[in-house]
Amino acid sequence: MSFKAEYIWIDGTEPTAKLRSKTKIITDAPAGLDSLPIWGFDGSSTNQAEGSSSDCVLRPVFSCPDPIRGGEDVLVLCEVLDTDLTPHPSNTRAALAEVAGRFAAQEPVFGIEQEYTFFQGARPLGFPEGGFPAAQGGYYCGVGSDEIFGREVVEAHLENCLKAGLGISGINAEVMPGQWEFQVGPLAPLEVSDQLWVARWLLYRTAEDFGVSATLDPKPVKGDWNGAGAHTNFSTKAMREGYEAIITACESLGEGSKPLDHVKNYGAGIDDRLTGLHETAPWNEYSYGVSDRGASVRIPWQVEKDGKGYIEDRRPNANVDPYVVTRLLVDTCCTALEK
Ligand code: ADP
Ligand code: MN
Ligand code: MN
């Protein structure tokens, strides 16, 4: 018998890395991560190596059923290594693995809200040729063909994520026509990040069959149209048990150089999206507040009421690297909570 394993990795495209994948035929039915061999690719075609020394190594880090091919075929997310088997400079997962391991006792957990926009040709779905649709207001969580564009793709993507066994927790139509969101989590830092990358790959791959492309561009239409973010919900065991830890986490994110350290790593083009308009806080001013969708970090009302729960960092762009945002949040908040 032969089986298909789709090896997926994150490339070295600047300033925002892209997903790449290729298929490996294997003769034994895939039996978990350890049964999947390391593999390689031409790094000179992905901005990860020079042509004269082009080999890069793919090491499987997460696998799941392939919902598109079905049967026993699998998707295999990989990290990229140099040929000496040390992490490649483009490999941001390795640094997260270290930080997540160091703070594992605090049991950090994330839920990431991935916003994105469908395009057909040069226009977002729902944008008429040579013009603009009705102003924003009715599209968010809307219903009806005058408000909703791309639902069939969204439903197919959701179904594929569920068949793959990913920890997807919901979907909704967003504020701009053609803009949508799915959420992954709550899960531990490496799990949420690996699964978000696979869910992104499934989004592009599912949309491909509909002749539609999906983009994580944080500001796909300039002007009075919402950008696309990746609100990152975060808690530790202490935060899930008491309010003092919630406040400690919020305060820690505002200390010294932390606001800038975070924001500059929250996705390319962050200042185009975090303008202070369209439910964002200005990129250069840190704030937090209960129920406040104009703050950098929101404490949901229910969390204040219950006196425990989680916080939402609203700053990350849709194109953020989840390995980076989860590492920064764990590092900053868990260091403060440890004191
Ligand atoms: P919003 O009101 O901001 O649109 P969503 O419902 O889209 O919120 O997303 C909330 C996210 O928070 C979900 O992904 C959910 O899994 C996650 N979440 C819930 N509880 C926790 C928690 N204790 N720690 C971290 N994330 C959590
Ligand atoms: Mn949401
Ligand atoms: Mn949100």
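Reply: Glu-279 and Arg-314 form a salt bridge, with their closest N and O atoms 3.9 Å apart, where the term stands for a side-chain nitrogen of Lys or Arg within 4 Å of a carboxyl oxygen of Asp or Glu. This pair links distant parts of the chain, 35 residues apart: Glu-279 lies in the loop between α7 (270-273) and β12 (288-290), and Arg-314 in the loop between β14 (311-313) and α9 (322-338). Helices (H or I, at least four residues) and strands (E, at least two) are DSSP runs, numbered from the N terminus. Glu-279 counts as partly exposed at 44% relative accessibility, whereas Arg-314, at 4%, counts as buried; buried means under 20% relative accessible area, exposed over 50%, and partly exposed in between (1.4 Å probe, protein chains only). Through salt bridges that share partners, Glu-279 and Arg-314 are joined with Arg-298 and Glu-312 into one network.

This is a predicted model, in which local features need pLDDT of at least 70 and side-chain atom pairs count only at pLDDT 80 or more, while totals for chains, interfaces and linings use all residues. Residues are numbered from 1 along each chain as its sequence is written, chains are lettered from A and ligands numbered from 1 in the order in which they are written, and side-chain values use heavy atoms, with hydrogens and water left out.

A search of the whole structure finds 15 salt bridges, including one between Arg-59 and Glu-79 at 3.1 Å, N to O.
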